[in-house]
Amino acid sequence: MAPSAPYQPSLRRLLHAGIALVGLTALITGYWVYDQFDHRLGKIGLPTLEDIQGIHGTLGLAFLLWLPGFTLYSLRLSHRRLLQPQSLQQLQHWTQPQATIALHRLANTLLLLSGTAAVITGRMMKEGWLPAGDLQQPWYIAHLVTWLLLLLSIAVHVLLGAKVGGAPLLLAMFRLSIHDNDRPPTWLQKFPPQPVNSLLLGLEILTLGCIGRSFILPLF
C-alpha cells in the first residue's frame, strides 16, 4: 500500500505555490532577457520580445511583494526545514539519513537567501543598460550570479525534497483539501512572536533587511 500524503498547512501551500509560480516565471523571463541582450556564454535563440525586460521586471516585483510573507512563514512556522545549529555537524555523517536531511535544510536556506539576493540586485538595475550593450555593470553581473544560484537552489530543493519525503510529500503540496482548524481565521493563532533560536533570528534580520532595502534603494 502506498504511504498516505502528509497534511500540509493551507497557509504553507498558498505561500509556497505563489512564490514557486512567480519565481519560476521570473527565472524563465530572466533567461529570456539574457538570451535576447547578452548571450555571452551561448544562447538558444528565443523569439525577440520588445518588452521582455518589462515583463521580467513585473514578475520580479511580484516576487518581491510575495517574498516577505513567505520569508516570515519559513523562519517562524516552517523553521524545521531550514538550517539548524546542529546541521553542519550532521553533514559530516554522510552515510546516515540525518546528513541528507541537514543537506536539504541547507538547500532550503540557500534558496531563501538566493531569492532575497535576486530581488535586491534586480531592483538596482536600470532598463537602459542592456539595450545599450552595457553588460559589465556590477549590479547586472550580480543579478546573473543570483539567477544561477536561485536556479541551482530550486533544483537541489526539489531533488532532496523528493528524496527526504518522497512522492507523498510532493503531492501533498498540491492538495486542495483544508482541515476545519486550518482555515484563514486560524493562521495567525499559531504564529510565534519571534524566531526559535539566534541563527534563525540572524537570518530573519538579514533577509527582511535586504527585502526592505529592495523597496527603498531604487528611489535614490
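The exercises below walk through a predicted model, each with a worked solution.

Local features need pLDDT of at least 70 and side-chain atom pairs count only at pLDDT 80 or more, while totals for chains, interfaces and linings use all residues. Residues are numbered from 1 along each chain as its sequence is written, and side-chain values use heavy atoms, with hydrogens and water left out.

**Exercise 1. Confidence**

Find the mean pLDDT of the chain, and where confidence is lowest and highest.

Solution. Start with the scale: pLDDT is the predictor's confidence in each residue, from 0 to 100. The chain has a mean of 88. In it, 97% of residues reach 70 or more. Next, go element by element. Helices are DSSP runs (H or I, at least four residues), numbered from the N terminus. Confidence is lowest in H3, with a mean of 82, and highest in H2, at 94.

**Exercise 2. Aromatic pairs**

Identify the aromatic pairs and classify their geometry.

Solution. Take the rule first. Rings of Phe, Tyr and Trp (its six-membered ring) pair if their centres lie within 6.5 Å. Planes under 30 degrees apart count as stacked, over 60 as edge-to-face, and the rest as tilted.

Step one: count. There are two aromatic pairs. The ring centres of tyrosine 31 and tyrosine 34 are 5.6 Å apart and their planes meet at 45°, so this pair is tilted.

Step three: check exposure. Buried means under 20% relative accessible area, exposed over 50%, and partly exposed in between (1.4 Å probe, protein chains only). Tyrosine 34 has 11% relative accessibility, so it counts as buried. Tyrosine 31 has 22%, so it counts as partly exposed.

Step four: take the other pair. Tyrosine 31 also pairs with tryptophan 147, 6.1 Å centre to centre, with 35° between the planes; this pair is tilted. It links distant parts of the chain, since tyrosine 31 is in helix H1 and tryptophan 147 in helix H5 (residues 138-172), 116 residues apart. Tryptophan 147 is partly exposed because its relative accessibility is 22%.

Step five: join them. Tyr31, Tyr34 and Trp147 form one aromatic cluster.

**Exercise 3. A buried glutamine**

Is glutamine 90 buried or exposed, and which residues is it in contact with, leaving aside neighbours within four places in sequence?

Solution. Locate glutamine 90 in helix H3 (residues 87-90). Its relative accessible area is 16%, so it is buried. Now list the partners. Contact means heavy atoms within 4.5 Å. Beyond neighbours within four places in sequence, glutamine 90 is in contact with Gln98, Ala99, Ala102 and Arg105.

**Exercise 4. Sequence and space**

Compare the separation of alanine 62 and threonine 146 in sequence and in space.

Solution. At 28% relative accessibility, alanine 62 counts as partly exposed. In sequence, alanine 62 and threonine 146 are 84 residues apart. In space, they are 17 Å apart, C-alpha to C-alpha.

Notes: Helices (H or I, at least four residues) and strands (E, at least two) are DSSP runs, numbered from the N terminus.
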